[in-house]
Amino acid sequence: MNIALVGYGKMGRLIERTALVRGHVIIAVIDPFAEGVAADGRVIGKTVADIGGGVNVAIEFSSPASAVGNIKALLAAGIPVVTGTTGWYDQLAEVEAVAKATDGSLVWSSNYSIGVRLFLKIAAFAANAADLYEEYDIAGYESHHNKKADSPSGTAKTLVEKVLAAQTRKTKAVYDKLDRPPAKDELHFASIRTGSDPGTHAVFFDSNADTIEIIHRVRNREGFASGAVRAAEWLAATPRRGVFTLDDML
Ligand SMILES: NC(=O)c1ccc[n+]([C@@H]2O[C@H](COP(=O)([O-])OP(=O)(O)OC[C@H]3O[C@@H](n4cnc5c(N)ncnc54)[C@H](O)[C@@H]3O)[C@@H](O)[C@H]2O)c1
(Lines give C-alpha, C1' and ligand atoms only; values in the text may rest on other atoms or scores of the structure.)
Protein backbone atom coordinates (compact mmCIF):
# COMPACT_ATOMS: atom_id res chain seq x y z
CA MET A 1 0.00 0.00 0.00
CA ASN A 2 1.31 3.48 -0.90
CA ILE A 3 0.70 5.90 1.97
CA ALA A 4 0.88 9.70 2.10
CA LEU A 5 1.55 10.97 5.62
CA VAL A 6 -0.05 14.34 6.31
CA GLY A 7 1.43 15.70 9.54
CA TYR A 8 4.92 14.54 10.50
CA GLY A 9 5.01 15.13 14.24
CA LYS A 10 5.14 12.54 17.02
CA MET A 11 2.28 10.48 15.62
CA GLY A 12 3.24 10.90 11.93
CA ARG A 13 6.76 9.60 12.62
CA LEU A 14 5.51 6.68 14.69
CA ILE A 15 2.94 5.82 12.01
CA GLU A 16 5.74 5.87 9.43
CA ARG A 17 7.76 3.32 11.44
CA THR A 18 4.68 1.15 11.99
CA ALA A 19 3.68 1.29 8.31
CA LEU A 20 7.20 0.37 7.10
CA VAL A 21 7.30 -2.63 9.45
CA ARG A 22 3.94 -3.75 8.01
CA GLY A 23 5.43 -3.64 4.50
CA HIS A 24 3.90 -0.40 3.23
CA VAL A 25 5.57 2.40 1.25
CA ILE A 26 5.53 6.02 2.41
CA ILE A 27 5.12 7.70 -0.95
CA ALA A 28 4.75 11.28 0.31
CA VAL A 29 5.16 13.22 3.56
CA ILE A 30 3.35 16.53 3.97
CA ASP A 31 4.13 18.91 6.83
CA PRO A 32 4.72 22.65 6.39
CA PHE A 33 6.77 22.94 9.57
CA ALA A 34 8.70 19.67 9.93
CA GLU A 35 12.38 19.74 9.02
CA GLY A 36 14.37 17.28 6.96
CA VAL A 37 13.33 14.12 5.19
CA ALA A 38 11.26 11.08 6.01
CA ALA A 39 12.98 7.89 7.15
CA ASP A 40 13.02 6.46 3.63
CA GLY A 41 14.71 9.59 2.21
CA ARG A 42 11.57 11.16 0.74
CA VAL A 43 11.50 14.95 0.88
CA ILE A 44 8.78 16.54 2.97
CA GLY A 45 6.20 18.56 1.01
CA LYS A 46 4.34 21.59 2.31
CA THR A 47 0.69 21.03 1.34
CA VAL A 48 -1.64 18.27 0.17
CA ALA A 49 -1.21 19.67 -3.39
CA ASP A 50 2.43 18.43 -3.24
CA ILE A 51 1.27 14.79 -3.12
CA GLY A 52 1.95 13.12 -6.47
CA GLY A 53 0.06 10.19 -8.00
CA GLY A 54 -0.08 6.56 -6.93
CA VAL A 55 -1.31 7.12 -3.37
CA ASN A 56 -3.68 4.47 -1.99
CA VAL A 57 -4.47 6.24 1.27
CA ALA A 58 -3.45 9.28 3.33
CA ILE A 59 -2.98 9.17 7.10
CA GLU A 60 -3.60 12.59 8.62
CA PHE A 61 -2.33 13.46 12.15
CA SER A 62 -1.72 17.21 12.13
CA SER A 63 -3.33 19.94 14.24
CA PRO A 64 -6.95 20.92 15.00
CA ALA A 65 -6.53 24.11 12.93
CA SER A 66 -5.25 22.32 9.81
CA ALA A 67 -7.16 19.01 9.84
CA VAL A 68 -10.37 20.13 8.11
CA GLY A 69 -8.50 21.88 5.26
CA ASN A 70 -6.26 18.84 4.79
CA ILE A 71 -9.14 16.36 4.82
CA LYS A 72 -11.19 18.38 2.33
CA ALA A 73 -8.19 18.75 -0.02
CA LEU A 74 -7.46 15.00 0.18
CA LEU A 75 -11.11 14.11 -0.52
CA ALA A 76 -11.17 16.55 -3.45
CA ALA A 77 -8.02 14.85 -4.82
CA GLY A 78 -9.80 11.46 -4.63
CA ILE A 79 -7.46 10.14 -1.90
CA PRO A 80 -9.04 8.01 0.88
CA VAL A 81 -8.26 9.52 4.29
CA VAL A 82 -7.63 8.15 7.77
CA THR A 83 -7.49 11.01 10.26
CA GLY A 84 -6.60 10.91 13.93
CA THR A 85 -6.38 14.64 14.52
CA THR A 86 -8.68 15.74 17.34
CA GLY A 87 -10.36 19.06 18.09
CA TRP A 88 -12.22 19.69 14.81
CA TYR A 89 -15.37 17.60 15.32
CA ASP A 90 -17.66 20.65 15.41
CA GLN A 91 -16.99 20.71 11.64
CA LEU A 92 -17.74 17.02 11.10
CA ALA A 93 -21.02 17.72 9.25
CA GLU A 94 -19.18 19.98 6.81
CA VAL A 95 -16.52 17.30 6.18
CA GLU A 96 -19.22 14.63 5.76
CA ALA A 97 -20.87 16.82 3.10
CA VAL A 98 -17.57 17.09 1.20
CA ALA A 99 -17.06 13.31 1.44
CA LYS A 100 -20.53 12.82 -0.03
CA ALA A 101 -20.06 15.40 -2.78
CA THR A 102 -16.71 13.91 -3.82
CA ASP A 103 -17.83 10.27 -3.35
CA GLY A 104 -14.80 10.01 -1.08
CA SER A 105 -13.88 7.79 1.86
CA LEU A 106 -12.82 8.83 5.34
CA VAL A 107 -12.14 7.12 8.65
CA TRP A 108 -11.94 9.32 11.73
CA SER A 109 -11.44 8.45 15.39
CA SER A 110 -10.32 10.31 18.49
CA ASN A 111 -8.73 7.09 19.77
CA TYR A 112 -7.16 4.57 17.38
CA SER A 113 -6.11 2.17 20.12
CA ILE A 114 -7.64 -1.11 19.08
CA GLY A 115 -6.90 -2.40 22.58
CA VAL A 116 -9.12 0.30 24.11
CA ARG A 117 -11.92 -0.52 21.66
CA LEU A 118 -11.67 -4.22 22.45
CA PHE A 119 -11.56 -3.47 26.17
CA LEU A 120 -14.76 -1.37 25.93
CA LYS A 121 -16.53 -4.16 24.06
CA ILE A 122 -15.33 -6.82 26.53
CA ALA A 123 -16.37 -4.68 29.53
CA ALA A 124 -19.86 -4.14 28.06
CA PHE A 125 -20.19 -7.85 27.30
CA ALA A 126 -19.11 -8.71 30.87
CA ALA A 127 -21.60 -6.23 32.37
CA ASN A 128 -24.36 -7.73 30.27
CA ALA A 129 -23.42 -11.29 31.29
CA ALA A 130 -23.15 -10.37 34.99
CA ASP A 131 -26.57 -8.70 34.91
CA LEU A 132 -28.17 -12.13 35.36
CA TYR A 133 -26.41 -12.66 38.70
CA GLU A 134 -27.48 -10.19 41.40
CA GLU A 135 -24.62 -11.13 43.73
CA TYR A 136 -22.14 -9.30 41.46
CA ASP A 137 -21.71 -5.63 42.28
CA ILE A 138 -19.94 -3.40 39.70
CA ALA A 139 -17.31 -0.69 40.20
CA GLY A 140 -14.22 0.63 38.47
CA TYR A 141 -11.17 2.86 38.57
CA GLU A 142 -8.74 4.63 36.30
CA SER A 143 -5.15 5.64 36.97
CA HIS A 144 -3.06 8.25 35.12
CA HIS A 145 0.25 10.09 35.56
CA ASN A 146 0.45 12.96 38.04
CA LYS A 147 0.55 15.65 35.29
CA LYS A 148 -2.96 14.94 34.07
CA ALA A 149 -5.18 17.93 34.81
CA ASP A 150 -8.65 16.39 34.56
CA SER A 151 -10.50 13.45 36.01
CA PRO A 152 -12.15 11.13 35.27
CA SER A 153 -10.51 10.46 31.89
CA GLY A 154 -12.56 10.63 28.67
CA THR A 155 -12.05 6.89 28.23
CA ALA A 156 -13.37 6.29 31.77
CA LYS A 157 -16.56 8.16 30.92
CA THR A 158 -17.01 6.12 27.75
CA LEU A 159 -16.34 2.91 29.68
CA VAL A 160 -18.92 3.82 32.34
CA GLU A 161 -21.52 4.79 29.71
CA LYS A 162 -21.07 1.45 27.96
CA VAL A 163 -21.26 -0.54 31.20
CA LEU A 164 -24.38 1.34 32.36
CA ALA A 165 -26.06 0.74 29.00
CA ALA A 166 -25.24 -2.98 29.01
CA GLN A 167 -26.97 -3.93 32.27
CA THR A 168 -29.99 -2.98 34.38
CA ARG A 169 -28.95 -2.78 38.07
CA LYS A 170 -26.64 0.26 37.89
CA THR A 171 -28.28 3.40 36.54
CA LYS A 172 -25.79 6.14 37.38
CA ALA A 173 -22.10 6.71 38.00
CA VAL A 174 -20.50 8.37 41.04
CA TYR A 175 -17.00 9.65 40.29
CA ASP A 176 -16.48 11.60 43.56
CA LYS A 177 -15.40 10.12 46.87
CA LEU A 178 -18.25 8.64 48.86
CA ASP A 179 -18.78 9.43 52.54
CA ARG A 180 -21.63 6.92 52.66
CA PRO A 181 -22.32 3.45 51.28
CA PRO A 182 -23.18 3.61 47.58
CA ALA A 183 -26.83 3.19 46.63
CA LYS A 184 -27.61 -0.09 44.89
CA ASP A 185 -28.04 1.58 41.52
CA GLU A 186 -24.81 3.64 41.77
CA LEU A 187 -21.65 2.54 39.99
CA HIS A 188 -18.70 3.89 41.94
CA PHE A 189 -15.75 4.82 39.70
CA ALA A 190 -12.53 6.19 41.20
CA SER A 191 -9.63 8.18 39.71
CA ILE A 192 -6.03 7.82 40.87
CA ARG A 193 -3.23 10.24 39.88
CA THR A 194 0.30 8.96 40.34
CA GLY A 195 3.78 8.73 38.82
CA SER A 196 3.99 8.32 35.04
CA ASP A 197 1.17 5.86 34.34
CA PRO A 198 0.14 6.50 30.67
CA GLY A 199 -3.37 5.19 31.40
CA THR A 200 -5.03 2.30 33.20
CA HIS A 201 -8.77 1.58 33.19
CA ALA A 202 -10.44 -1.18 35.15
CA VAL A 203 -13.93 -2.43 35.80
CA PHE A 204 -14.67 -5.16 38.29
CA PHE A 205 -17.56 -7.40 39.23
CA ASP A 206 -17.46 -8.34 42.88
CA SER A 207 -19.35 -11.04 44.76
CA ASN A 208 -18.88 -12.65 48.21
CA ALA A 209 -17.04 -15.50 46.54
CA ASP A 210 -14.79 -13.81 44.01
CA THR A 211 -13.87 -10.80 41.86
CA ILE A 212 -13.76 -10.60 38.07
CA GLU A 213 -11.53 -7.71 37.06
CA ILE A 214 -11.06 -6.46 33.49
CA ILE A 215 -8.13 -4.08 32.99
CA HIS A 216 -6.65 -2.14 30.09
CA ARG A 217 -3.14 -0.71 30.53
CA VAL A 218 -1.59 1.62 27.97
CA ARG A 219 2.14 1.05 27.55
CA ASN A 220 2.96 3.64 24.84
CA ARG A 221 1.56 5.46 21.76
CA GLU A 222 2.23 2.48 19.49
CA GLY A 223 -1.36 1.28 19.94
CA PHE A 224 -2.65 4.48 18.31
CA ALA A 225 -0.20 4.19 15.38
CA SER A 226 -0.98 0.54 14.82
CA GLY A 227 -4.74 1.22 14.85
CA ALA A 228 -4.38 4.06 12.32
CA VAL A 229 -2.31 1.93 9.92
CA ARG A 230 -4.81 -0.92 10.24
CA ALA A 231 -7.66 1.49 9.53
CA ALA A 232 -5.76 2.60 6.39
CA GLU A 233 -5.35 -1.04 5.33
CA TRP A 234 -9.08 -1.60 5.90
CA LEU A 235 -10.04 1.48 3.91
CA ALA A 236 -7.71 0.72 1.00
CA ALA A 237 -8.46 -3.01 0.84
CA THR A 238 -11.88 -2.58 -0.79
CA PRO A 239 -13.35 0.54 -2.39
CA ARG A 240 -15.43 1.77 0.55
CA ARG A 241 -17.19 5.08 0.03
CA GLY A 242 -18.44 7.19 2.92
CA VAL A 243 -17.48 8.34 6.40
CA PHE A 244 -16.52 5.68 8.96
CA THR A 245 -15.19 5.45 12.50
CA LEU A 246 -12.94 2.83 14.03
CA ASP A 247 -16.04 1.00 15.29
CA ASP A 248 -17.08 0.32 11.67
CA MET A 249 -13.71 -1.31 11.04
CA LEU A 250 -13.80 -3.41 14.20
N1 LIG B 1 -6.78 9.56 17.33
C2 LIG B 1 -5.81 9.10 18.11
O3 LIG B 1 -5.75 7.92 18.47
C4 LIG B 1 -4.71 10.07 18.49
C5 LIG B 1 -3.58 9.63 19.19
C6 LIG B 1 -2.58 10.55 19.44
C7 LIG B 1 -2.69 11.88 19.03
N8 LIG B 1 -3.83 12.26 18.37
C9 LIG B 1 -4.00 13.62 17.81
O10 LIG B 1 -3.26 13.70 16.60
C11 LIG B 1 -2.81 15.04 16.39
C12 LIG B 1 -1.29 15.06 16.20
O13 LIG B 1 -0.68 14.56 17.35
P14 LIG B 1 0.92 14.56 17.48
O15 LIG B 1 1.20 14.05 18.85
O16 LIG B 1 1.56 13.90 16.32
O17 LIG B 1 1.22 16.15 17.42
P18 LIG B 1 2.57 16.87 17.02
O19 LIG B 1 2.42 18.28 17.48
O20 LIG B 1 3.76 16.09 17.47
O21 LIG B 1 2.56 16.85 15.40
C22 LIG B 1 1.65 17.56 14.62
C23 LIG B 1 2.34 17.85 13.29
O24 LIG B 1 1.38 18.42 12.39
C25 LIG B 1 2.08 19.35 11.61
N26 LIG B 1 1.20 20.28 10.91
C27 LIG B 1 0.71 21.49 11.31
N28 LIG B 1 -0.05 22.02 10.34
C29 LIG B 1 -0.05 21.16 9.31
C30 LIG B 1 -0.64 21.16 8.01
N31 LIG B 1 -1.38 22.19 7.58
N32 LIG B 1 -0.44 20.08 7.22
C33 LIG B 1 0.31 19.05 7.62
N34 LIG B 1 0.91 19.00 8.84
C35 LIG B 1 0.74 20.04 9.66
C36 LIG B 1 3.01 20.04 12.60
O37 LIG B 1 4.08 20.70 11.93
C38 LIG B 1 3.49 18.85 13.42
O39 LIG B 1 4.68 18.29 12.88
C40 LIG B 1 -3.33 15.82 17.60
O41 LIG B 1 -4.57 16.41 17.27
C42 LIG B 1 -3.53 14.75 18.67
O43 LIG B 1 -4.51 15.09 19.62
C44 LIG B 1 -4.83 11.38 18.10
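**Figure 1. The whole chain, seen as a predicted model.** Look at contacts in the protein chain between residues at least 6 apart in sequence, and 63% of them join residues at least 24 apart. What you have here is a predicted model. The protein chain holds 7 helices and 12 strands, and its C-alpha trace spans about 65 × 40 × 30 Å along the principal axes. Of the 250 residues in the protein chain, 37% are buried.

**Figure 2. Where domain 1 meets domain 2.** The protein chain splits into domain 1, made of 2-112 + 222-249, and domain 2, made of 114-217. Taken over C-alpha atoms, the centres of domain 1 and domain 2 sit 33 Å apart. Contact between them involves 6 residues of domain 1 and 4 residues of domain 2. On the side of domain 1 that touches domain 2, α6 is the biggest giver, with 4 residues. Sorted by class, that side of domain 1 has 1 nonpolar, 4 polar and 1 charged residues.

Figure 3. Pick out A228 and skip its neighbours within four places in sequence: you'll find it in contact with I15, I59, V82, G84 and Y112.

**Figure 4. Helix α6 on its own.** Count along α6 and you get 16 residues. From its first C-alpha to its last, α6 reaches 22 Å, close to the 22 Å expected at 1.5 Å a residue. Which residues of α6 are buried? They are F224, A225, S226, G227, A228, V229, A231, A232 and L235.

**Figure 5. The shell around the ligand.** There are 27 residues around the ligand, and G9, M11, F33, S66 and G84 come nearest. Two elements give two or more residues to this shell: α1 (10-21) and α2 (64-76). By class, the shell around the ligand has 11 nonpolar, 14 polar and 2 charged residues.

**Figure 6. Helix α2 and what covers it.** With 13 residues, α2 reaches 19 Å from its first C-alpha to its last, close to the 18 Å expected at 1.5 Å a residue. Its buried residues are A67, N70, I71, K72, L74 and L75. The cover over these buried residues of α2 includes β1 (2-6), β4 (57-60), β5, α3 (92-101) and β6 (105-108). After α2 comes G78, with a positive phi near 75°.

**Figure 7. V81, a residue of strand β5.** You'll find V81 in β5, which covers residues 81-83. Is V81 buried or exposed? V81 is buried, because 29 other C-beta atoms lie within 10 Å. Leaving out neighbours within four places in sequence, V81 is in contact with A58, E60, I71, L74, L75 and L106. Two of these, L74 and L75, are also among the buried residues of α2. A28 is 53 residues away from V81 along the chain, and their C-alpha atoms are separated by 14 Å.

**Figure 8. T47, in a loop between two strands.** T47 sits in the loop that runs between β3 (44-45) and β4. T47 counts as partly exposed because it has 14 C-beta neighbours inside 10 Å. Not counting residues up to four places away in sequence, T47 touches I30 and P32.

**Figure 9. D103 and its positive phi.** Here the view moves to the loop between α3 and β6, where D103 is found. Most residues other than glycine have a negative phi. D103 is a residue other than glycine with a positive phi, near 55°. Why does D103 count as exposed? It does so because 10 other C-beta atoms lie within 10 Å of D103, and a residue is exposed if that count is 12 or fewer.

Conventions
Residues are numbered from 1 along each chain as its sequence is written. This is a predicted model: local features need pLDDT of at least 70, side-chain atom pairs count only at pLDDT 80 or more; totals for chains, interfaces and linings use all residues. Two residues are in contact if their C-beta atoms, placed from the backbone, lie within 7 Å. The expected span of a helix is 1.5 Å times one less than its number of residues. A residue is buried if 20 or more other C-beta atoms lie within 10 Å of its own, exposed if 12 or fewer, and partly exposed in between; C-beta atoms are placed from the backbone. A residue is near a molecule or strand if its C-beta atom, placed from the backbone, lies within 6 Å of it. Ala, Val, Leu, Ile, Met, Phe, Trp, Tyr, Cys and Pro count as nonpolar, Asp, Glu, Lys and Arg as charged, and the others, Gly among them, as polar. Domain bounds come from an automatic or database domain assignment.
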